[in-house]
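Q: I am new to this structure and would like a close look at a single part of it. Please keep the account plain.

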Amino acid sequence: GNRRRRSTGGSCPGGTGPLSTCSGSTPAVPGGAVYGFTYRSCLTAVVSSVSPNTGPAGTIMTIDGAHFSPVACENEVLIGGYPCDIQSASSTSLTCRVNPSTSSGNMP
């Protein structure tokens, strides 16, 4: 499954302010680079465990890690391309229900 920070919009209370506090400046792209990208590890979600790792649509999953948004609607979890509806969120854990209306059969 994939987990990413959802863009804010609609009724989600997010904004354009910083997602979390990060020390230091944004890393520089090396000189002479034709293409490049940078990222800040303190803003990149890290998944350390997913439980359970199999089950039917409607299964409640717990995803533990770091750098999640504690605002439920600012997180998005996809299981095999289908949404897993966020039930609760903290900076270190997400709980979601595999959406039975958009998936068929078992989650991978």
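Which residues does Ile86 touch, not counting residues up to four places away in sequence?

A: This is a predicted model, in which local features need pLDDT of at least 70, side-chain atom pairs count only at pLDDT 80 or more, and totals for chains, interfaces and linings use all residues. Residues are numbered from 1 along each chain as its sequence is written, and side-chain values use heavy atoms, with hydrogens and water left out.

Leaving out residues up to four places away in sequence, Ile86 touches Ala72, Asn75, Val77, Leu94, Thr95 and Cys96; contact means heavy atoms within 4.5 Å.

Ile86 also belongs to the largest nonpolar core, a set of 10 residues that includes Val77, Leu94 and Cys96. Such a core is a set of buried Ala, Val, Leu, Ile, Met, Phe, Trp, Tyr and Cys residues joined through side-chain atoms within 4.5 Å. At least two core residues come from each of strand 4 (60-66), strand 5 (75-79), strand 6 (82-89) and strand 7. Strand 7 gives the most, with three residues.

Thr95, one of the contacts of Ile86, lies in strand 7 (residues 93-98). Thr95 counts as buried because its relative accessibility is 19%; buried means under 20% relative accessible area, exposed over 50%, and partly exposed in between, with a 1.4 Å probe and protein chains only.

As for the whole protein, it has zero helices and eight strands. Helices (H or I, at least four residues) and strands (E, at least two) are DSSP runs, numbered from the N terminus. Buried residues make up 23% of the 108 residues.
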